[in-house]
Amino acid sequence: MKKTKTKFFYYSISILALFIFIFLFISYVASISVPSHALKIAIWLAISVIMAVAITYGYTLTSSTIADAMFTLRRMIRAENLSNPLLLRLSSEAPGTYHHSLNVSNIAQKAAKAIGANSLLVRVASYYHDIGKLNEPGLYVENQSPSDFLAEENSAAWIRSNAKKIISHVESGVKIAKEAKLPNDIIEIISEHHGDSKALYFYRRAQEKKLKIRASDFVYSGPKPSSRESAIIMLADCIEAHARAVQPENTEAINNIVETTVHDKLKEEQLKDSGLTTKEIITVSNVMKEALLAIYHQRINYVVKNEA
Ligand SMILES: [Fe+2]
Ligand SMILES: [Fe+2]
């Protein structure tokens with residue numbers, strides 16, 4: 001569509017240039033002394049053509065931008081609905097991932113609002129960031145039962161193969177999202193939500209068991225988050241997963257989860273292409289601490305009460 005409009009613009013300008021050239025050429029070859037009123041008419045004609053092209057081009061460009069924005073917004077509103085077939089599938093086939101995604105959405109949206117990022121995009125993209133886990137939900141810790149842990153092996157081949165499967169949820173997520181015609185901004189966030197970090201659970205296990213492994217087998221293919229929204233979801237995702245694993249029982253434990261996650265992501269340079277400023281990262285951290293505290297509020301109160 002854009003290409004057609006650009007072509008139309010260049011064709012119009014070319015026709016105008018040709019018109020002026022032919023007019024001057026004929027006048028020169030035929031040695032016609034151009035009457036001043038004819039020259040004026042030609043100049044006015046040329047100005048009119050330029051203005052007509054500019055107005056038409058400006059109008060079509062603006063109207064297509066508005067149409068594109070409306071189209072994206074419509075798709076975003078459709079995706080936002082928790083009754084969306086993909087989200088219904090996630091809730092029934094991978095309930096742990098679904099619950100994790102809702103928590104990520106809650107934490108990330110608050111952080112996005114605090115720094116004036118696109119909170120609607122952050123909320124909706126969080127719902128779908130792990131949609132690729134639908135291919136094999138039982139592989140992921142949040143959907144597993146204790147008996148699944150007992151079935152785990154410690155061979156290098158088993159660990160490598162499982163790390164590869166887990167890493168592939170990013171690629172699968174992008175494929176599923178494209179098939180479902182989710183907005184491009186959401187697809188981009190799905191592809192970036194692990195950046196080029198490591199699948200740490202299996203990597204550390206292989207290290208603990210002193211297995212012969214290549215670090216590159218445990219690395220997500222990236223890219224790193226390219227927007228503030230994408231970076232916020234990366235942080236909220238890690239923080240939620242970390243909190244789920246350690247089940248914090250006091251404010252210090254919550255603060256520690258957020259600070260460690262932010263520190264690690266900065267150290268790995270995962271946020272360097274996101275456009276988040278240092279000031280924004282501090283605000284995001286503080287808001288995420290509050291959001292996580294709100295999620296674990298009941299549990300923390302219960303523990304304090306029992307201790308008293
Ligand atoms: Fe993920
Ligand atoms: Fe996640």
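Arg 160 and Asp 217 are partners in a salt bridge, with 3.5 Å between their closest N and O atoms. Arg 160 belongs to helix H7 (residues 156–179), whereas Asp 217 sits in the loop between helix H9 (200–208) and helix H10 (228–246), so this pair ties together parts that are 57 residues apart in sequence. The model is predicted, and the count of salt bridges in it comes to 13.

**The pair Arg 160 and Asp 217**
- Arg 160 has a relative accessibility of 33% and therefore counts as partly exposed, since buried means under 20% and exposed over 50%.
- Its contact with Asp 217 joins helix H7 to the loop that lies between helices H9 and H10.

**The pair Lys 272 and Asp 273**
- Lys 272 forms a salt bridge with Asp 273, and their closest N and O atoms are 3.7 Å apart.
- The relative accessible area of Lys 272 is 53%, so this residue is classed as exposed.
- Asp 273, at 41% relative accessibility, counts as partly exposed.

**The network around Lys 133**
- Asp 130, Lys 133 and Glu 142 are joined into one network by salt bridges that share partners.
- Within this group, the side chains of Glu 142 and Lys 133 meet in a salt bridge with an N to O distance of 2.7 Å.
- Glu 142 and Lys 133 are both buried.

Conventions. Residues are numbered from 1 along each chain as its sequence is written. Chains are lettered from A and ligands numbered from 1 in the order in which they are written. This is a predicted model: local features need pLDDT of at least 70, side-chain atom pairs count only at pLDDT 80 or more; totals for chains, interfaces and linings use all residues. Side-chain values use heavy atoms; hydrogens and water are left out. A salt bridge is a side-chain nitrogen of Lys or Arg within 4 Å of a carboxyl oxygen of Asp or Glu. Buried means under 20% relative accessible area, exposed over 50%, partly exposed in between (1.4 Å probe, protein chains only). Helices (H or I, at least four residues) and strands (E, at least two) are DSSP runs, numbered from the N terminus.
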